[in-house]
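Open the model in your viewer and keep the selection tool at hand. We will go from stop to stop, selecting as we go.

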Amino acid sequence: MIDPNMFQLVCFYAFAAVTVVAALGVITLRNTVHAVLSLVLTFFSTACIWLLAEAEFLAIALIVVYVGAVMVLFLFVVMMLDIKQEHVREGFIKYLPVGIIVALVMLGEMLALIGVRAMHQAVMGADPATVAGMSNTAWLGNALYTQFLLPFEVAALILTVGVVAAVVLTLRQRTGVRHQQASQQVRVNPRDRVRVVKMAAEVPAAPQPAPGKETTP
Amino acid sequence: MPNLNDILILLPEFYLVAAACLLLLLDAFMKPEQRPVLHWLSIAVLLVAIYLVVAGQPSQAVTAFNGMFIRDGVAEILKVFSLLTTVLVFFYAKPYLQDRKLFVGEFYTLTIFAVIGIMLLVSAGNLIMVYLGLELLTLSSYALVALNRDSRLSSEAAIKYFVLGALASGMLLYGMSMVYGATGTLDLVRLHTAAGHTGMPHLLVFGLIFMIVGIGFKLGAAPFHMWIPDVYQGSPTAVTVFIGSAQKLAAFGMAYRLLASGLGDLSQHWQLMLACLAVLSLAIGNIVAIVQTNLKRLLAYSTISHMGYLLVGLVNAGPEGYAASLFYAISYAITSAAAFGMILALARAGFECEEIDDLKGLNQRSPWAAFLMMLVMFSLAGVPPLFGFFGKLLVFQAAIHAGYLWLALVGAVFAIIGLYYYLRVVKVMYFDKPVEGTEVHLQKDVSVRLVLSLNVLALLVLGIVWGPLFGWCQSVFVG
């Protein structure tokens with residue numbers, strides 16, 4: 001039987017080592033897609049460390065928000081940058097080995113976590129959530145809206161500034177741009193658009209005898 | 001749970017947030033030619049905020065939101081002067097921004113948001129609030145630096161500022177996480193008691209070192225000063241004046257909250273670190289400034305050296321030193337606002353007045369402008385009887401009382417070296433012949449002329465009657 005404390009420690013060092021190596025990969029790999037995949041691995045390993053520390057909600061949020069949304073979007077952008085179609089398809093096979101390695105390391109980490117869970121015996125000391133008899137997420141929510149209310153509001157303020165700054169730095173008001181004006185389009189009267197003009201029918205002129213030799217029988 | 005009393009304690013901050021949001025909305029529905037209304041409204045908003053800060057000041061320090069926010073004398077004095085310098089910034093900035101087609105409502109709202117960041121930072125009672133206040137301040141500043149987005153210099157400055165600022169925030173957070181690991185608390189008051197008997201003193205000192213690196217970046221103290229000259233030169237001068245004045249008060253507030261309130265028990269560790277930063281800043285700031293030809297860069301290196309003097313006061317690590325440093329920070333903020341205000345007032349459409357040579361023969365063209373500029377330069381150099389002199393005297397005195405006589409001597413030597421480049425500006429104005437075909441004169445705008453003259457004359461008045469202000473600075477650190 002393995003000592004659960006020992007196993008947890010080994011897992012922590014393993015996850016930490018993977019995080020550091022993957023983070024190094026992000027900044028050293030020349031291939032952008034590889035770098036992004038390394039970043040995914042970095043986030044995933046960090047989430048595993050958080051799970052070890054019993055911060056379940058944070059770990060899940062990191063995976064859902066960063067790995068699930070931000071990184072996949074980022075990956076799409078990086079892959080789309082090279083617009084040639086055949087290149088993208090070629091990329092799929094070329095990046096497959098790195099993708100498989102990343103996936104395998106993630107799988108190993110998950111298995112190790114399940115092992116920790118199975119052998120878990122309150123080794124992390126007093127966790128405020130367990131003391132309060134609440135789940136981690138419920139406790140976090142409680143703390144966020146009572147004890148940490150002010151920082152939470154200030155964080156909202158920072159996001160507001162982020163939006164204002166983004167608009168200021170990117171919005172360009174160009175003059176002389178033609179816009180569609182829907183209300184005017186709807187109010188248009190058919191009579192303003194088509195004008196029926198009465199005019200006498202054109203009578204084709206009688207064929208004129210061609211000058212020259214045809215006049216002679 | 002927070003109650004009504006907590007909200008009343010934060011009334012100035014809540015009021016400013018609401019006012020900033022209203023200004024943002026107002027700007028969206030305003031025609032461009034009505035923007036001067038926004039300018040005057042913003043100034044009124046800040047003046048009301050000063051009134052709220054002073055009028056609602058409790059007789060004793062109070063905390064709100066579970067100790068997240070502290071409202072005490074230090075916070076009050078820093079808030080009053082950062083709001084006041086921001087009012088000056090708004091006055092000086094208007095004609096400059098109008099001439100360069102940068103006169104947008106967001107300049108005002110982003111600056112007000114940055115001021116809210118300063119107010120939260122100097123009132124922080126928790127490491128999280130220190131970080132969030134700092135982020136609010138710096139995020140707004142990044143956007144302000146990049147405001148002139150068609151200028152390559154401005155974009156370059158913004159990118160440098162952003163990357164180095166993010167790095168500094170990372171260092172600060174890293175240090176905070178180590179301190180949290182060693183003591184198990186984020187609350188500054190509890191941190192102060194827990195720091196004395198932690199089981200992991202080495203981890204705590206490592207955390208302290210990282211936090212000092214973060215503070216060094218924000219103050220712009222050498223060897224973390226690389227961003228200062230480029231950012232000062234690259235950003236629109238209307239933004240430089242804000243970064244150079246009000247933000248220095250915020251940096252002092254942050255250093256005080258983290259080092260004195262939080263980790264005061266570790267002062268034997270951080271005193272020598274700050275002394276090293278001070279000597280380096282004094283040396284680099286004063287010596288490199290000698291070779292500068294650009295006025296904004298010269299003032300940037302002058303900032304670095306002034307942050308060195310501020311650190312000399314902090315090295316004392318007692319009420320006397322904090323009071324001297326606070327006085328120094330206030331005197332620098334007001335003088336720096338006047339210095340950049342002069343550049344703004346001399347600039348006009350298509351002419352930045354950034355080079356020292358642009359000031360050649362200023363005395364013959366505009367004697368009043370030359371006189372004001374001379375007072376500002378003398379105050380920066382620390383010539384008696386101007387404001388800057390007593391700041392220097394008090395920080396040297398504090399250092400000597402703490403047993404750092406050598407530091408005071410080094411400071412005095414570099415003050416004399418620094419005198420050279422400030423005097424060079426005065427010499428160029430008074431003794432050089434004006435360049436033919438150029439024209440330099442003060443802004444026509446009456447409000448700018450009036451406020452700038454008052455600001456510079458305040459340097460003279462506060463230099464002669466410095467007692468009451470220093471008394472206020474001393475009183476907030478007693479008890």
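The tour below says what to select and what is there.

**Before you start**

This is a predicted model: local features need pLDDT of at least 70, side-chain atom pairs count only at pLDDT 80 or more, and totals for chains, interfaces and linings use all residues. Residues are numbered from 1 along each chain as its sequence is written, while chains are lettered from A and ligands numbered from 1 in the order in which they are written.

**Stop 1: two helices in chain A**

Select helix 1 (residues 4-28) and helix 2 of chain A. Their axes come within 8 Å and cross at roughly 155°. Helices here are DSSP runs (H or I, at least four residues; strands are E, at least two), numbered from the N terminus. Axes are lines fitted to C-alpha atoms, for helices over the stretch in contact, and angles run from 0 to 180 degrees between N-to-C directions.

How do the two helices run relative to each other, roughly parallel or roughly antiparallel? Helix 1 of chain A and helix 2 of chain A are roughly antiparallel. The cut-offs: under 35 degrees is roughly parallel, over 145 roughly antiparallel, 65 to 115 roughly perpendicular, and the rest oblique. The crossing of helix 1 of chain A past helix 2 of chain A is left-handed, a term for a near helix turned anticlockwise from the far one by less than a right angle (right-handed if clockwise).

Now show side chains. On helix 1 of chain A, the residues that meet helix 2 include Phe12(A), Phe15(A) and Val26(A). On helix 2 of chain A, their partners include Leu39(A), Ile49(A) and Leu52(A). Contact means that the C-beta atoms, placed from the backbone, lie within 7 Å. By class, this contact has 14 nonpolar, seven polar and no charged residues. Ala, Val, Leu, Ile, Met, Phe, Trp, Tyr, Cys and Pro count as nonpolar, Asp, Glu, Lys and Arg as charged, and the others, Gly among them, as polar.

**Stop 2: a loop in chain A**

Select Glu54(A). This residue sits in the loop between helix 2 (32-52) and helix 3 (56-81) of chain A. Most residues other than glycine have a negative phi, and most peptide bonds are trans. Glu54(A) is partly exposed, with 16 other C-beta atoms within 10 Å. A residue is buried with 20 or more such atoms, exposed with 12 or fewer, and partly exposed in between.

**Stop 3: where the chains meet**

Show both chains. Chain B gives 23 residues to the contact and chain A gives 15. On chain B, the elements giving two or more residues are helix 2 (11-28), helix 5 and helix 6 (127-145). Which helix of chain B gives the most? Helix 6 of chain B does, with eight residues. The chain B side divides into 17 nonpolar, three polar and three charged residues.

Next, select helix 7 (residues 149-170) of chain A and helix 5 (residues 105-122) of chain B. They pack at about 155°, with axes 11 Å apart. That makes these two helices roughly antiparallel. Helix 7 of chain A passes helix 5 of chain B in a left-handed crossing. Among the residues in contact are Val161(A) and Val164(A) on one side, and Leu110(B) and Phe113(B) on the other.

**Stop 4: a covered helix in chain B**

Select helix 10 of chain B. Seven of its eight residues are buried, including Trp227(B), Val231(B) and Tyr232(B). The cover includes helix 6, helix 7 (152-183), helix 11 (237-244) and helix 14 of chain B.

**Stop 5**

- Select Pro223(B), in the loop between helix 9 (201-219) and helix 10 (227-234) of chain B. A cis peptide bond joins Ala222(B) to Pro223(B), with omega about 0°.
- Select Pro385(B), in the loop between helix 17 (367-381) and helix 18 (387-401) of chain B. The bond from Pro384(B) to Pro385(B) is cis too, with omega near 5°.
- Select Ala317(B), in the loop between helix 14 (295-314) and helix 15 (319-346) of chain B. Its phi is positive, near 55°. Ala317(B) is buried, with 20 other C-beta atoms within 10 Å.

Key: Contact = placed C-beta atoms within 7 Å.
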